[in-house]
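I opened this model today and kept notes as I went. The entries follow the order in which I looked things up.

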Amino acid sequence: MLQETLVRVLYANQDLPKQSLVKFTWGNVSERDEETGYIVIKPSGVEYDELTTDHMVVLDLDGNIIQGNYRPSSDTKTHLEVYKAFPQVKGICHVHSTYATAYAQAGMPILAFGTTHADYFYGPISCLRVLKKEEIEDDYERHTGLIIVDHFKKHDIVATPGVLLHGHGVFTFGKSAKDSVYHAVVLEEVARMNYLTTQINPQAKPIPQYLLDKHYLRKHGKNAYYGQGKSHE
Ligand SMILES: [Zn+2]
């Protein structure tokens, strides 16, 4: 039900400061409502501890407001482009978490240096190109969505559910709002580990493909055997 989606999106947004992924109001989470196909997203500029379900904004994929009295997050158009292109994406999270954003600002991908990474991201987390001046002047948020879509036409958005925006921050994806926040937490932790790894050994290399395969596929492959049949356990 739509009301349940509003609650899930509220909780997922409230999780951002709890997980130390955001300062002030710098971040947003959305979810696609299964029944209606509408997108539920947080409003722009409302503090996380003041948020209630009444603040949530419901939109269709064209950005028309279906329900809600507040302006949606300024990043809404980016979310909508990704939802339009990838029906398998049900939740999207955007943050400027410190270590991941440091990689984004450096224009560097987050390489798979270890199995923590391999458990959730099946390969490097790419850093996309900087937007062109014309793109920013035309429609910044929509073009941000379009370069994400372009990237994931060539890469599996389910297998590597995160990407860095050069000079900006992070977008992560999932099968729910909560799942996309989970991926943002893992991505930030992996970025922190990578930063430390390259401080200790600037020549450190990604793990071999067979180890990446082993860890990713035991959790996510069709013969997955990790945990108790639920994700993330
Ligand atoms: Zn941002």
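Predicted model: local features only at pLDDT ≥ 70, side-chain atom pairs only at ≥ 80, totals over all residues.

**Entry 1**

I began with F24, which lies in the loop between helix 1 and strand 1. I checked its backbone and found a positive phi of about 50°, although F24 is not a glycine. Most residues other than glycine have a negative phi. Is F24 buried or exposed? I counted 9 C-beta neighbours inside 10 Å, so F24 is exposed.

S20 lies in the loop between helix 1 (2-18) and strand 1 (27-32). S20 is not a glycine, yet it has a positive phi of about 55°. I found 12 other C-beta atoms within 10 Å of S20, which counts as exposed.

**Entry 1: the whole chain**

I listed seven helices and eight strands. The radius of gyration is 17 Å, close to the 17 Å that the globule rule gives for 233 residues, so the chain is as compact as a globular protein of that length. I looked up the span of the C-alpha trace along its principal axes: about 50 × 45 × 35 Å. Buried residues make up 40% of the 233 residues. I also looked at contacts between residues at least 6 apart in sequence, and 64% of them join residues at least 24 apart.

I followed some of the pairings. Strand 1 and strand 2 (residues 39-41) run antiparallel and are joined by three bridges. E31 stands opposite V40 in strand 2.

**Entry 2: strand 5**

I looked at strand 5 next. Strand 1 and strand 5 pair in the antiparallel sense, over five bridges. Here N28 stands opposite H94. Strand 5 also pairs with strand 8 (residues 169-174), again antiparallel and over five bridges. I92 has F173 in strand 8 as its bridge partner.

How many of the residues of strand 5 are buried? I counted five of the five, so strand 5 is largely enclosed by the rest of the structure. In a regular strand the side chains alternate between the two faces of the sheet. I checked which way each residue points: G91, C93 and V95 go one way, while I92 and H94 go the other way. Both groups are buried.

**Entry 3: two helices that cross**

My last stop was a helix pair. Two packed helices are described by the angle between their axes and the distance between the axes. The axes of helix 3 (residues 98-106) and helix 6 (residues 177-200) come within 7 Å and cross at roughly 65°. That makes helix 3 roughly perpendicular to helix 6. I noted the crossing as left-handed.

Which residues make the contact? On helix 3 I found Y99, A100, A102 and Y103. On helix 6 I found L187, E188, A191, R192 and Y195.

Terms used:
Residues numbered from 1 in each chain as written. Helix = DSSP H or I, 4+ residues; strand = E, 2+ residues; numbered from the N terminus. Rg over C-alpha atoms; globule rule 2.2 N^0.38 Å. Buried ≥ 20, exposed ≤ 12 C-beta atoms within 10 Å, placed from the backbone. Contact = placed C-beta atoms within 7 Å. Pairing = 2+ DSSP bridges. Axes fitted to C-alpha atoms, helices over the stretch in contact; angles between N-to-C directions. Parallel < 35°, antiparallel > 145°, perpendicular 65-115°, else oblique. Left-handed = near helix turned anticlockwise from the far one by under 90°.
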